[in-house]
Amino acid sequence: MLDKIKQLQEELSNIKASTVEEVDELRIKYISKKGLVSQLFSEFKNVPNEQKKEVGQAINVLKNFAQDKINELRDRFNNGTPKDDGLDLTRPGESMKPGTRHPLSVVRNEIIDIFGRLGFTVAEGPEIEDDWHVFSALNFPPEHPARDMQDTFFIEKDPDVLLRTHTSSVQIRVMERTQPPIRSIFPGRVFRNEAISARSHCIFHQVEGLYVDENVSFADLKQTLLYFAKELFGEKTKIRLRPSYFPFTEPSAEMDVSCSICGGKGCNVCKYTGWLEILGCGMVDPNVLESCNIDSRKYTGFAFGMGIERITMLKYGIKDIRHFFENDVRFLKQFESAI
Ligand code: PHE
């Protein structure tokens, strides 16, 4: 019997609990009516008379000890948290690394900054659009195959609700509400129903530029884009404008920059041409100005649009567009120093 008491005493001196529930379980196990300590009292009647005094005392000591021990454990949870379980609360916390900017944001901010220095302000428009702002006002005739140049996501129930395929829609929104002079850029997300691969994605980002005023000429466009290219890719960068077609600009062009990787000598990124195509541009078609109630005899303008993913890939040598959307920290961490 005495051995049993000693054993229980030892057990009790080691009990631990990390929740109030656990304390209660221990209380039930040891000191409730059917608990281990109480059981000793019922076994007491079998103790030979000459040992009764000694054993009785020992049981009483054990009972008090058990009660104190349980009370002590319970006290720790009185204010909801354990008071002391070996935690050093003065220990400095683990330092957490702050997040870093996404490479697309880094490049978008840089583009905004460069055009900001030329006096371009920033405006935004909705991603969910209608036919007028994405196509009709931009001089896409109805049923014209040019609409197929961009695979549009339409809402089945209402073909007049669609996801914008380019940020040119923001040109219309801005011109509808402001008379020239207008000098703004419009960064934003665009959507095209394209198969996802290393080179294209159904969601990507563009920056659109628009300058409308009296006497704006193609020379202004070229000079603006040359300044932009040199600021973004370096002072040695050259540009080249190739004739192209967009319904909303006339004349239209595509701009190439000299390959920043090989310096124009030819490499696998520029497919040994020395040039990289980075944007579409042109003089705003008078029909577009008129759609927005801007007098096309008084005002002229230029517009340009570029994909942020493509520029970021060229700038940082990123081979697969899907990296931008996967949020793999091993990829994102590499842009820690970019701001
Ligand atoms: N919106 C065109 C595109 O997405 C780019 C562009 C913008 C071309 C402005 C000319 C002028 O391809």
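This is a walk through a predicted model, from the overall chain to the ligand and then to some details of the backbone.

Begin with the whole chain. Its secondary structure comes to twelve helices and ten strands. The C-alpha atoms fill a box of roughly 120 × 50 × 35 Å along the principal axes. The radius of gyration tells a related story. For the chain it is 38 Å, whereas a compact globule of 339 residues would have a value near 20 Å.

Now turn to the ligand. Where does the ligand sit? The space it takes is the largest pocket. Around the ligand there are 15 residues. Five of these residues come nearest: His-166, Ser-168, Arg-192, Gln-206 and Glu-208.

An N or O atom in the side chain of Ser-168 is 2.9 Å from a nitrogen atom of the ligand. Next comes Arg-192, with a polar side-chain atom 3.0 Å from an oxygen atom of the ligand. Gln-206 also places a polar side-chain atom 3.0 Å from a ligand oxygen. How much of the ligand does the protein bury? Taken alone, the ligand exposes 330 Å², and the protein buries 91% of that.

Which elements give two or more residues to the shell around the ligand? They are helix H7 (168-177), strand E6 (203-213), strand E9 (275-284) and strand E10 (300-307). The largest share comes from E10, which gives three residues. By residue type, the shell divides into eight polar, five nonpolar and two charged residues.

Ser-168 opens the range of H7, 168-177.

Leave the ligand now and follow the backbone. Two cis peptide bonds can be picked out along the way. One joins Pro-180 and Pro-181, with omega at about 5 degrees. Pro-181 has its place in the loop between H7 and strand E5 (182-191).

Pro-251 is not in a loop but in strand E8, residues 249-258.

One more backbone detail remains, at Asn-293. This residue is not a glycine, yet its phi is positive, at about 60 degrees. Asn-293 is found in the loop between helix H9 (286-291) and E10. That leads back to the ligand, as E10 gives the largest share of the shell around it.

Key:
Residues numbered from 1 in each chain as written. Predicted model: local features only at pLDDT ≥ 70, side-chain atom pairs only at ≥ 80, totals over all residues. Heavy atoms only, no water. Near = heavy atom within 4 Å. Polar contact = N/O pair within 3.5 Å; in protein donor to acceptor, adjacent residues only side chain to side chain. Areas by Shrake-Rupley, 256 points an atom, 1.4 Å probe, with all protein chains shown as cover. 1 Å grid on protein atoms, 1.4 Å probe; cavity = no way out; pocket = protein on both sides within 12 Å on 5 of 7 lines; lining within 4 Å. Sits in = over half its atoms within 2 Å of the grid points. Helix = DSSP H or I, 4+ residues; strand = E, 2+ residues; numbered from the N terminus. Nonpolar A, V, L, I, M, F, W, Y, C, P; charged D, E, K, R; others polar. Rg over C-alpha atoms; globule rule 2.2 N^0.38 Å.
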